Each structure stands twice: as structure tokens, then as C-alpha cells.
Amino acid sequence: MNSDRRDFVLTAGKLLLLTAPAAAYLEAVESGKAEEPAYKTFEHYWGMIVDIEKCIGCGNCVRACKVENDVPLEPYFFRTWVERYHVEGAGEHPDVDSPDGGYNGFPEKYAAGDGAKSFFVPKLCNQCAHSPCTQVCPVGATFESPDGAVLVDKTYCLGCRYCVQACPYGCRFIDPRTNTVDKCNLCYHRITKGLTTACCESCPTGARQLVDLKDARDPVHEFLRTHKVHVLKPQMATGSKVFYNALDGSVR
Amino acid sequence: MEEGILHAIQGYMYPNEVELQWSILIVLYPFTTGLVAGAFILASLERVFNVAAVKPTYRLALLSALAFLLVSPLPLQLHLGHPERSIEMYLTPHTSSAMAMFGFIYLWYLMAVLVLEIWLDYRKDMVLMARSETGWKKTLYRILTLGVDNISEESLRIDDKLGRFITIVGIPSALLLHGYVGFIFGSVKANPWWSTPVMPIVFLFSAIVSGIALVLLMYMLVCFLKGIPIDMPCVDTIARYLMYAFLVDFSLEMLDLIHRIYEADESFKSLDFMVHTRLYTSQILVQIVFGTIIPIAMLAFIQLVKLSDAARKGIYTLAGFLTLMGIFAMRWNVVIGGQLFSKSFLGYTTYKMAFATKEGLLPAILLMILPFVILWGLVKLLPPFDEEKAAV
Amino acid sequence: MNRFLKDKEHLFRMAALFAAGVVLFLIVRAVLVPKGFGVYGHYRAGALADNRVRAPRFAGRAACIECHTDEGDRLKGGKHAGVGCEACHGALAKHAADPSSLKPTKPDSKTLCQTCHLMNVAKPAKFPQIDPKSHMDGGPCLTCHDQHAPDKEPKK
């Protein structure tokens, strides 16, 4: 091969080699930015307030969530559910039930004036800031989004169930139709469009309210300042972002 | 998931907890990897610590380890919702996940330790067989020797040195292999039955116990099948090491138990109730009484009273089986036990094990038989005893 | 070179095999790792968009009021002002998008009202709740209550 052809081949080869990584880089960056221009992920940090003093156990949230998010209807798959507590004394041994997760409300089973207190506690994914479930996922199929929602990548999940084991709150389940994990994702498809979650939308008493901790005008800041607020299992240090008002110490 | 499961609940469970997440297949996994680690530790006793008495079992221990290591990922694959995606653990491992990092430890141990060590130890035999065999066997051995025919003194000396080095590296690798499985459970703060710093160590020592018991039984069985006399000083030594390891393992488990009972934290009442009811048979009876105390007592008895060869062989066989049963029960009690109680500490569920389903008893049985089938093949391919070496 | 290789060739062949395995792994990795993985964290960036793909089934109060201004006015200032339309009428995003595509059925007041207002010991004491047998002999709720402004008489 004479030197001209040799030079040509070498230069063309180098250029070809350069275009491949350049194209790959561009594609990686571009596909990563697949967002609608209206919603700015980094300007939000989502959480929720649940007000025990307002929950009436109607089950609207449970039903609405199953409709909105196409959750399997069997009574052992819930993105959100409601528990009823019946507590005597200091609350070391509460009587707890959740018939079908509260899907059909709560048939009365206690008599008034029996010396105990009772109340409802809605439960959902706590959207933990230091979530133990994302920590254990072996492949990165569940993660904390930049705007504070803990989401699942259903195309990537192996269905190993490690995250289900690692969640202290029991909020995850395996969807039998996809064999991947599923859980409350804070109605991510709604909150990124300026709507509120399905459960908050259908709650008749305002016991559930979506909050944006990064929004200075969100009432959550004043609420947290003026109410006695609790998270579930604080000793686990999960950074839970679901704040309960008037949560009794007996709640598990 | 069965309709009936809701009726098997006692007390209150979070609705999503009713179904058990990890089945008997996940019980198999720590059991088989434990056998691997234990068998390897026994093999290394000879190679690194120069316990000459156990030399007859060296190769068999390595082959047993390999057979079980090859089968270990299979129950996991059957369990996964999407086994076709399992390669993601190697492509994008989440470094904070013990499960992901375990994939690499498994691979390291399989390739860099076990396969290399077996290859180096058997290389001379494989070359000899490549020379003397015919047909497809000849081709197979030539491939295994990577086409190299050299078995000069010098090359064998290099093999031996390298093999010794690999065994030394292999010991912490084996400790890591099974300690990591313990960590997979022990690091889950959400589950108080699992969450304890002592879990990796308990897993490791019970692995050593099970591996030693396995090699003990396999050695006696293979000798029996091939009509070779059992080397009594060898099995006596193995049984002694089994006893020592068992004493350490039992002490660790009792320490964990005593600690739990004494501290009696928020989970204690619920766990205590579970152990006394749903877990009573598998934990108290199978694991502790029949699976630990009785084998230890039998092995200790032999140290104190002189018995005939035949009596000792009988005791070793029985103790070996009880040990394996006990260690299997330990894995069962950890994995299944950890899911029988609610994280609300207010309720309990049941494990309904099906038979002929993807995660039922039948695949579990088949997966436990498979390593022995593989071992049979390996023993045929790479005979572990001197008596059968092909003539030069 | 040959003196160095002597008696070690099998080791070099094994090492080459290992090296080939590593290279193969790296190639497979480069091909199979999904695009956008690792951009924001240890996950596929496209998963954020995937989680937004679902079509909402609940439209939200604001969408309803756009057309149903009468009901919106009746609700204002009343006891049900804070209750979303779809809390009683069900998921109606389809209807909000194209009213003729889905005509909502009127909820049965007896069962619906009791969902919230049936007496239950666990409900907050301040919340209005009744025992239907003793409250007006279990008559239809709408006889006395306007469902959109319950403390007022029903519209005639």
C-alpha cells in the first residue's frame, strides 16, 4: 500500500472510530432528557401529609388508586390501604384490621363507649429520602427520582423481591401480571401534569394532601410548623416523606 | 396466589405481606452455597494447613464444591419474575446492593478459585488421559488441557505452587462467598429476624459444618461404591473438625438467641410467639435438637469412648445426615421464618408450599438431586482417588 | 522468550482464555446496557418518562367545574365544598375529555351517602355520622339534604 492510500485508510478509520462514541454519547444524553418541557423535575420535591384526625375510613382512596393505577383487585395487592386501630390503654396491644385493605369500607365491629379509642390510618409508600428498598435493588430498577418520588422501572425489574423484603412498611408487592414489583408511585403521571394524586383527589375530608416541599408557598411548611407530626417507624431512619398528623404511638 | 391464604392469617398483617415473597427455592440457595464454602474449607485444611490426614478427600471435596456451585444459581433463576433479565446484575450492578455484589463474588469464586484450582490439580491426570484415551474422550481431555501436553517436573512444580497460592486466596474467598449470603439477610433492617451483625458469621460457620458433613458422607459413599477401603484416620479427623465447627456454630446461634431474649426489643414478643408456634417443629425439633445437639453429642461421644471402625462409620453416617438436615432446617428457619410474621408485629401467616409448580417442592427436590448427578459425571471425568489414575 | 515460556505455556493459555472472557463481557456490556442509564442516578433515565405515560382516570374538580358551573356554585361555601366531584361520581376523565363518550350514572344516594356518613366508632367524633335506622327512619337522604350543599334544603 502506498503512503497516500495508507494515510487515507488511517484517517478514515480514526474518524469512523470517533463518530461511533460521539453518536453513542449524544444518544445517551438525549434519551436521558426525555421530559416534557412544562414540568421541571428539579424544581419539585414531593411528599404527603396524612391527617389522622380527618380520616373517616370511607375507602375512597383505596378504590380510586386501584382504578387510577390499574392495581390488581385481589385483596393482597395494594398501592395504598387503610387500617383501623382499636386501642385500649397505652396502646401496647392495639387491635388492627384492614378488611380488603379498606376497599369496601369498614363494617362496624366495635361498640361505642367500650373504653377504647379507635381511628383510621391510611398507609402508602412513604417515598423515603433514604429508602432501604432502593438501596437493595441489585440492578437499579427502583430508584429515588430527582423530585423525591420512589419509582419502579418495570422494563428493568427482575422480580427478585429483595426490595419487598427491605421495605419496613409493607408497601410493595409483585404484580402477578407483569412479575415485576409495583407500589405507590405518588401518581407520578398526574403530579407531573399539575394534578394531585388519585387518593388525594378522591378523599372527601382532605385527610390526604399531596405536598411539594420545594415550593415555598406550599401549606406544608406552615403545617409542619404548627402541628404535631410523626412518620412511621422513625427508628428506621428511612427519611419518610409521608407526614402523619396526630399519629398515635400504637400505630405500627 | 391462593384464595385460601387469607384464612391462614392470624392477627394482623399488612395486606401486601400476606403472600410470602421468598419460597423454598430461596432456602436452597444458602444451603448449596454453604456446602460449597464448607467443602472448600475442608479441602484447604490439607493444602494450606497441612492436615495430612484429610488428603484422601481433597479432590472429592473440590469436585463436590464445583457440582454444588454450578447448581446454586438455578433456584434463583427459577424464582425470578424475569430470569432473562438476570444478566442486568452483571451489566449494571447496584454497588449498594449485597445481592448485586454477590454476583461478582460468585463469579470470582467459580472461575478464579474453584475452576483454576481443580484444573491445576488435575492437569497432570488430564494430560495422561488425553494421551491414553481415544475418541471423543481424547478430544475432551485435550480441550481441558488447552492443548498443552507438557507435564514435566518443572511445570508440575509451578502448578503446585500456583495451586497453593490460589487455595490461600480461596479461603477468604470462600468465607466471603457464604458470609455475603448471610449479609444479604443480615443487612435488612426492616426484618428483625434477619437483621443482626452476627448473621454472616452464623451463616459461615453453619456452611462450614454442612460442607464438612457433605464431604464426609460423599467420601464414605464413593469409597463404598468403588469398593475402596475407607481411610479411618481421615474420616476420624474430618469428624473432629466437624465437631469443632459445630460447637462454634452452635455457640454463635445460642449467643444470638440469648441476646434477643435478654434485650427483648419491640419485635421480641412476636418472634417468640412465632418460634413457639409456627416455627416450633422446624426450629426447636429439627434444627436444634435433632440437627445440632444430637449430632454434636454423637461426635463428642466418639472422642470420649473408643468404638470399633464399623460403629464409628455408622455414627459418622447418621451424624452426617442429621447435620445436613439440621443446617437445611436452619436455612429454612431463617428464610421462611423471616416471612411468617408481620412487620407490624401483630400477626402471622402461613407458607403454603405447592408441589409441582415453578417454586414448589418438586423443583426443589430435583435441584437438590442435580448436583449429585453432576458430581457423578465429574467423578467419572476426573477420578478423585489415586487408585484409578491412568498409567503413564 | 522461550526459556521464560518453558513449562508455563498452559498458564499463559489459561490467562488468555480469562482475558478473552473479560473482553467479551465488556463488549456485551457496551451493547446491552440501556441508553440513558446512569444519567440521573443508578437507573435508566427513560424510566422517569415511563412512569408518566399513564392516562389519568380522574379529571379533578377544576375540569368538572369548567362545564358544570351550577354544581360548582352550589358547592361553594357549603359543607361539601372540599369534596372532589369524582369522590362521589367516580373517575370521569373520559367524560371530561369528551362528554358524549361516557355518560356518568347518578350514584345511588343511600349507599353512597352511607359510605362516609354511616356511624362508626372509629370515625372522628366531630364528623357528621348517623345511624340510618334512627335517623329519619332510614328514609332517602335527598328528601332533606341537597347533595351538593348538604346543610341546605334540596333544590326543588
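Colleague: When I read the contact between two chains, how many residues does the contact take from chain A and from chain B?

Modeller: The contact takes 38 residues from chain A and 33 residues from chain B, where two residues are in contact if their C-beta atoms, placed from the backbone, lie within 7 Å. This is a predicted model, in which local features need pLDDT of at least 70 and side-chain atom pairs count only at pLDDT 80 or more, while totals for chains, interfaces and linings use all residues. Residues are numbered from 1 along each chain as its sequence is written, and chains are lettered from A and ligands numbered from 1 in the order in which they are written.

Colleague: Which elements of chain A each supply at least two residues of the side that touches chain B?

Modeller: Helices and strands here are DSSP runs numbered from the N terminus (H or I, at least four residues, for helices; E, at least two, for strands). On the side of chain A that touches chain B, at least two residues each come from β3 (95-97), α3 (132-136), α4 (162-166) and β7 (173-175) of chain A, with the largest share, 4 residues, supplied by α4(A). The residues of that side divide into 25 nonpolar, 9 polar and 4 charged, counting Ala, Val, Leu, Ile, Met, Phe, Trp, Tyr, Cys and Pro as nonpolar, Asp, Glu, Lys and Arg as charged, and the others, Gly among them, as polar.

Colleague: In what order do the strands of the open sheet that includes β3 of chain A lie?

Modeller: Strands of a sheet pair through backbone hydrogen bonds, either parallel or antiparallel. In chain A the open sheet of 3 strands has the order β3-β2-β4, with antiparallel pairing, two strands being paired if DSSP finds at least two bridges between them. The edge strands, each pairing on one side only, are β3 and β4 (117-124) of chain A. Strand β2 (residues 80-87) of chain A is joined to β3(A) by 3 bridges, and R84(A) has D97(A) in β3(A) as its bridge partner.

Colleague: Which helix of chain A packs on the sheet?

Modeller: Helix α2 (residues 60-69) of chain A does, touching β2 and β4 of chain A, and its direction makes about 160 degrees with that of β2(A); axes are lines fitted to C-alpha atoms, for helices over the stretch in contact, and angles run from 0 to 180 degrees between N-to-C directions.
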